[in-house]
Each structure stands twice: as C-alpha cells, then as structure tokens.
Amino acid sequence: MDEKIIIFDTTLRDGEQCPGASLNINEKIEIAKQLAILGVDVIEAGFPISSPGDFEAVRRVAKEVKGPSICGLARAIKKDIDAAYNAVKYSKCPRVHVFLATSKIHMKYKLKKAEDEILKLAVAAVKYAGKRCSDVEFSPEDASRTDREFLYKVVEAVIDAGAKTVNIPDTVGYSTPFEFANIIRGIKENVSNVDRAIISVHCHNDLGLGVANSLAAVLNGARQVECTMNGLGERAGNASLEEIVMTIRTRNDVFRNISMGINTKEIFKTSRLVSKLTGMPVQPNKAIVGANAFAHESGIHQDGVLKERITYEIMKPEDVGVTGTKLVLGKHSGRHAFKERLSNLGYTLKEDQIEKAFGRFKELADKKKEIFDEDLETIVDEEISKIPEALKLEHFYITSGDSIKPSATIKIKFGGKHVESSSSGDGPVDACYKAIDKVIKIGGKLLDYQIKSVTSGKDALGEVSIKIGSKGSVVSGRGASTDIIEASIKAYVNAVNKLLHKK
Ligand code: KIV
Ligand code: ZN
C-alpha cells in the first residue's frame, strides 16, 4: 500500500512574503482555485492577524475554494489563533498553524525567553487552538538550529497537547540533506508519541538546498511537505512544489510506495498564473517550469531527441502541461532538426535545396539568437522560387543622418562582372536603389514598398516586399534580413532579376 505525501502549499503565505510579490484578494482567490485544480492537499492562505486585508483574503479563500484544507498562520498568541480560526472556519476542513521559535538564537535574541517558558507557551497555544479548530499544526520555528533534545521534547509535548501535524522548518535554509534527514529520523526514533502526528517539513532555499532537504526528509519519514509554486518565498524562497512533485514521480524507483494527489498536467499553468499575478518572472532555466526546461538547441541533443526522446529528456513535457519538446533552432543546431522543422512546416525540398537553405539558416543563426518558423519560411521561399541570379548583391555601404544627404555605394555582380556603383538619394534605401539602377539601366519604377517584422525581438528579421514596373511589366520582390537596408536591397535585386528573366 502506498503512503501518501501531503502537499501543503504556502505560495499565498510564505510565497507572498517574497519581496515585491504581494497579491490582492481577487488574485489570491484565483491562485487558490488553481491550486485546488492542481490537487494540493492544504492551502496556507495567509497570516490573518498580519493585516485586515490578509484576514479577508484567507476568509474569502476558505469560503470560496473547495477541495483542499484551508490553513491560516498564527503566532503562539491567543489573538493570532482567534484571527486565524475566524478566517479559516468557513472551510470544510479548516486548519490553524501555530508557530513558536525553539532555537537558542531565536529564544535568546528574538523572544528573550528560556526553554521552559517556550515549552509552556507552545503547549498552551496548541491546546487553545485545539479548542477552536479540530486540525492544529505546530511549527518549532528554526527547528534545524534547535538543540536536538529540546526539539524532541517540544515535538512530544505539542503532540500530547493535540497537534495533528508537527512541521519541522529549516527556517533560514541552513541545513544540508544529510543533516536534515538525521533530524527527521531522530524525531521518528526519539519522540515516543510520534505515530500520533504527521511529521511535516518546511525548507527554505538560502543555500539552494530547499528541495534536496525536503526530499531527504521524505525518505526518512516526513509525510507532509510544505512548498511553494516556482519556489517563491522569503529571501531565496521556499522549496519548489513542482520540483518536489516531479522528483518523487520521476524517481519512483527511489521514492518507492509513495503517492501524491497532484494532477501534474496542471503544473505549468499554475506556475504561469503565479508568475503573472505576483509579477515574479520564472528564470528560463528553472527546473520543470522554465521556458528552456524542455528546449534543446545543440545539434547532438536535437538529433538524439528526434531519434528517441528519452536520450535527453527524463520527463514528458505533456506530463507537466507543457505542449511539447521544443527544438530551438540556433547556431548550434544541426541538419536533422532543421529538416524536421521544414517538414513540420509542410515543405518537401530536394536535397540540394535543403543544403542551400541550411547554409542560409546557419548564416542567419550567426546573426540571430533564435530562428523562428517565419525566418525559415522566408529563407525557404527564397530558395524555392529561385530564378537565375543575373544580379547579385555583394556588399553595400551607406551614409545617412538627419543633416547629410544619404548616399550609398553598392558592389554587385552583374553579367558575370563585379561592379561598383554609388549614388545619393532621398533616403538610404532610395540611394541604394539608384546606385543599382545606374548599372542595370532598365528604367524600373518603384510602385510599392512595404516592410514588416516577421519575427519578434530587437534582433527580428525584417521582410521587405516591393513592386517595380518597367515597360509594361510589374514584378514583385522580397528580401529578408536582420538589417532593413540589406532586406530592401535584396528585395530590389530579387525584383530586378525577375524583370531581367522575363525579358
Ligand atoms: O520558515 C518558517 O519557519 C516558517 C514558519 C512560520 C513555519 O515559515
Ligand atoms: Zn517559511
């Protein structure tokens, strides 16, 4: 029989303590509803005594969000416990979470109290909360830096006082997996009534070990994990929900006979919602939910993934709600991924056309970080609709500004000869076109000129479409480049070649 890990989400409480991540009531409700769809077991919706707004947010979440247990945080003080209970009592399964620091550092400097006093306060608070709410959780704050014997004593006493869950926080993210595993094992082995409560963990990420510490605890008997979406939280954040859930699921050979109620297909959606509403961006290389988590750029990796996905992917993107593996076409990509993308775009090219298009793609990839489908379409359209290149652009130079007359020098290959021509014009494009006209002498007239960006970002590919007319013929030309003057010249050269071909 599987043992269940309770996923306790504290995005709306500890996550919201992340500097700059505050949420209004409606945003909290929207996130809480999505967390319920995700399938978390407990939502810690806030710290009701901390402000009237937080109280109202927890109350509304408790009233409106069905499914998970709704929890409110309280210090070991009667008015906090009353506020927490009054906010969560509308939930079908309300929970009050009481915390009190137990480490020497916190007792001496923050609370200025001795161990005996702390023990009494903890027990009294749990008993008081238990009279109001049937589900009470207790956290000995800074547990990982608490004297071990004292920690056992506190855990035992609060379980006797009625705590159903005892949460062991690594409040300052100081612990390491081996040490934290020992703390949890120590509690399991030394607290006589430990089987009457669920042992929970709550790890911060100051050393980047929040997830590792939580998982080490699970392997040593913790059955509730407190975590946040995207690892949001105080300072460096809390252990990330998506990383914990996907590790337990992906490595079920390590986390044997353990189950969770999470619908992993909702992970990505939840992550994006939390990021959008808190205004906290997700780093692209973030595990599970980062934009690059399922993206491959190098030719070797792309080739491997195309042959067999599991060569370079340990999870299916669809399992976390991501639409699919992304093969990013960039300068490290190879022919296999290039051909595959062309075929997905509906192109069937001959081998020599593919070779030429691949060469063009590599040239562009040196100028641009990512090559989008539109870039490929532009490249391939130019390759397929090829007409003899009687005229070919080799180089161009322009001078332009608001106080000089724009001028251009063009180096072209025309009729097998390398020719250089210069001209001034109304603008740099006009100057380039006039310089070309001096050489080819077809008396063409520019009838239409349009420019559009076919990709996004500052390094976008600009596409120029033009129409030129000459002696009763009208032809169009297209050119694309990250440089709009170059795209304009290419469009003109393309149109001129069509005109010459017609003649
Ligand atoms: O980090 C911590 O110790 C906490 C407690 C309130 C559980 O957030
Ligand atoms: Zn915390």
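Is Arg235 buried, partly exposed or exposed? At 43% relative accessibility, Arg235 counts as partly exposed, because that class lies between buried (under 20% relative accessible area) and exposed (over 50%), judged with a 1.4 Å probe and protein chains only.

The structure is a predicted model, in which local features need pLDDT of at least 70 and side-chain atom pairs count only at pLDDT 80 or more, while totals for chains, interfaces and linings use all residues. Residues are numbered from 1 along each chain as its sequence is written, chains are lettered from A and ligands numbered from 1 in the order in which they are written, and side-chain values use heavy atoms, with hydrogens and water left out.

A salt bridge is a side-chain nitrogen of Lys or Arg within 4 Å of a carboxyl oxygen of Asp or Glu. The partner of Arg235 is Asp206, and their closest N and O atoms are 2.6 Å apart. This pair links distant parts of the chain, 29 residues apart: Asp206 belongs to the loop between strand E8 (198–203) and helix H8 (210–218), and Arg235 to the loop between strand E9 (224–227) and helix H9 (241–250). Such elements are DSSP runs numbered from the N terminus, where helices (H or I) have at least four residues and strands (E) at least two. Asp206 is also partly exposed, with a relative accessible area of 31%.

The whole structure holds 30 salt bridges. One of them joins the side chains of Arg59 and Glu56, with 2.9 Å from N to O. Both residues lie in helix H2 (residues 52–64), where 3 residues, about one turn of the helix, separate them. Glu56 is partly exposed, at a relative accessible area of 25%. Another salt bridge brings together the side chains of Lys339 and Glu351, at 3.5 Å from N to O. Here the pair links distant parts of the chain, since Lys339 is in helix H12 (residues 335–344) and Glu351, 12 residues apart from it, is in helix H13 (residues 351–367). Lys339 has 35% relative accessibility and counts as partly exposed; Glu351 is partly exposed as well, at 48%. Salt bridges that share partners also join Arg13, Asp14 and Glu44 into one network.

An N or O atom in the side chain of Arg13 is 2.9 Å from an oxygen atom of ligand 1. For Asp14, a polar side-chain atom is 3.1 Å from an oxygen atom of the ligand, and for His204 the distance is 3.0 Å. Taken alone, ligand 1 exposes 260 Å², and the protein buries 94% of that; the areas come from the Shrake-Rupley method with a 1.4 Å probe, and for residues only the protein chains shown count as cover.

Most residues other than glycine have a negative phi. Asn230, however, has a positive phi near 60 degrees. Asn230 is found in the loop between E9 and H9 and is buried, with a relative accessible area of 13%. Lys441 has a positive phi near 50 degrees and lies in the loop between helix H15 (428–440) and E16. At 65% relative accessibility, Lys441 counts as exposed.

Conventions
Polar contact = N/O pair within 3.5 Å; in protein donor to acceptor, adjacent residues only side chain to side chain.
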